[in-house]
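Have the structure open and follow along.

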Amino acid sequence: MNVKWNDSTIIDLQNIINISRGNPDHILKYLKQFMELIPERLKDLKISLENGDRMMIRQILHKMSPQLQFFGVKNVTTPIQRMEFEYQSMPIKELEHLVNDIIAKLEEAVAEVSKIIESNFEY
């Protein structure tokens, strides 16, 4: 199977392809896990941001970080690490901007994974 991931701007599926040894069933399983985990965490992140709950924002991002690295989500590791270390001292407007930027990238990643599933796997 030749998964179309080269056009990806947010997701790098190479890690998943390597771990699954190119097995389409395993690739699909991992992609479905992404679609089960990340949207729910995104919802929690948005609620925590609305509530101004810095600690919960940090906890959610900390939980998601290994998953996002595993799934090859680009350009979120550094902002998440920054949030983990500066969540208490960062001015609220800067925190909101950083978290909203992370949310936007993750929403793009969810859309991209959905498109990859639709384009490469038959139901």
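Q: Which residue forms a salt bridge with Asp101?
A: This is a predicted model, so we're reading computed positions. A salt bridge needs a side-chain nitrogen of Lys or Arg within 4 Å of a carboxyl oxygen of Asp or Glu. For Asp101, the closest N and O atoms of the pair are 3.2 Å apart, and both partners sit in helix 5, four residues from each other. The partner is Lys105.

Q: Is Lys105 buried or exposed?
A: Buried means under 20% relative accessible area. Lys105 has 19%, while Asp101, at 29%, counts as partly exposed. So Lys105 is buried.

Q: What is the relative accessible area of Glu86?
A: Glu86 is four residues from Arg82 in helix 4, or about one helical turn. Arg82 counts as partly exposed at 30%, and Glu86 is partly exposed too. The value for Glu86 is 30%.

Q: How far away from Glu84 is the nearest side chain of opposite charge?
A: Glu84 lies in helix 4, and it's buried yet has no salt bridge. The nearest side chain of opposite charge belongs to Arg58. A salt bridge would need the atoms within 4 Å, but Arg58 is away by 4.5 Å.

Q: Which side chain is joined to that of Glu84 by a polar contact?
A: Leaving aside neighbours within four places in sequence, Glu84 is in contact with Arg58 and His62. One of these makes a polar contact of 2.3 Å with the Glu84 side chain. That side chain is His62.

Q: Within what arc do the buried residues of helix 4 fall?
A: The buried residues here are Pro79, Ile80, Met83 and Glu84. Seen down the axis of helix 4, they line one face, because they fall within a limited arc: 140°.

Q: Which helices do the buried residues of helix 4 pack against?
A: Thr78 and Phe85 are exposed, on the face of helix 4 turned away from its buried side. The buried residues pack against other helices. Those are helix 3 and helix 5.

Methods
Residues numbered from 1 in each chain as written. Predicted model: local features only at pLDDT ≥ 70, side-chain atom pairs only at ≥ 80, totals over all residues. Heavy atoms only, no water. Helix = DSSP H or I, 4+ residues; strand = E, 2+ residues; numbered from the N terminus. Buried < 20%, exposed > 50% of the residue type's maximum accessible area, 1.4 Å probe, protein only. Lys, Arg positive; Asp, Glu negative; His and termini not counted. Polar contact = N/O pair within 3.5 Å; in protein donor to acceptor, adjacent residues only side chain to side chain. Contact = heavy atoms within 4.5 Å. Arc of directions from axis to C-beta.
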